[in-house]
Amino acid sequence: QANISKADCGSKEFGTVTSLCQLGPQYTMYLLGYWLTTTPHFQKAPLLLFLLWGTSCSFYTTIVIVAQMSKSPIDWRSCFVRIVVPMFLVTAFLAPSYEVAFVGVRVNFSDETAVLAWAACLLPQYLYFALGVCSDLSSYLGISVLTI
């Protein structure tokens, strides 16, 4: 890595700690996916939960690929906040204890509300990111997105 020129590596970050931190969101999503399969709601709607879990993993993978191809560092901290935290909260809501204590107030969430909140949080972010990448590429190449 020391022999790689600045033009080839761009702003990428190298190192053991950085590499492990970049894998953190990915492996956390894998563990949460396993935890999702143990919830009672998984028996009712496995397809929906797998679809959202797969979309979360796909979103993180897309961020990693774009960062690698653009020679920029992977912003794993924002990935935790934007992807993993909502997934964790929904998984916790779907776990056998359905109540979440927040500042001494008990709030009950239905399974459907938790899953829809996850989708409402995840899907617009993914769409915004994908449209931004397409827009950046089309403006850089000077072509219309629909002609690609």
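## Overall architecture

About 9,400 Å² of accessible surface is computed for the chain, and carbon and sulfur atoms contribute 69% of that area. The model is a predicted one. Of the 148 residues in the chain, 30% are buried.

The chain holds six helices and two strands. Read from the N terminus, the order of elements is α-α-α-α-α-β-β-α. Among contacts in the chain with a separation of 6 or more, 69% join residues 24 or more positions apart.

## The largest nonpolar core

In soluble globular proteins, nonpolar side chains tend to be buried together. The largest nonpolar core of this chain has 27 residues, and the members that touch the most others are Met29, Leu49, Phe59, Tyr60, Ile83, Leu94 and Trp118. At least two residues of this core come from each of helix 2, helix 4 (46–69), helix 5 (76–94) and helix 6 (111–141). Helix 5 provides the largest share, with eight residues.

Leaving aside residues up to four places away in sequence, Met29 is in contact with Trp53, Ser56, Cys57, Tyr60, Ile83, Val84 and Met87. Two of these partners, Tyr60 and Ile83, are also listed with Met29 among the core members that touch the most others.

Leu20, Leu23, Tyr27 and Tyr30 together form a nonpolar surface patch of about 400 Å². Tyr27 lies in helix 2, which spans residues 16–36. The relative accessible area of Tyr27 is 46%, so this residue is classed as partly exposed.

Note on methods: Residues numbered from 1 in each chain as written. Predicted model: local features only at pLDDT ≥ 70, side-chain atom pairs only at ≥ 80, totals over all residues. Heavy atoms only, no water. Patch = residues over 30% accessible without salt bridge, like charges linked within 9 Å, V, L, I, M, F, W, Y side chains within 5 Å. Areas by Shrake-Rupley, 256 points an atom, 1.4 Å probe, with all protein chains shown as cover. Salt bridge = Lys/Arg side-chain N within 4 Å of Asp/Glu carboxyl O. Helix = DSSP H or I, 4+ residues; strand = E, 2+ residues; numbered from the N terminus. Buried < 20%, exposed > 50% of the residue type's maximum accessible area, 1.4 Å probe, protein only. Core = buried A, V, L, I, M, F, W, Y, C linked by side-chain atoms within 4.5 Å. Contact = heavy atoms within 4.5 Å.
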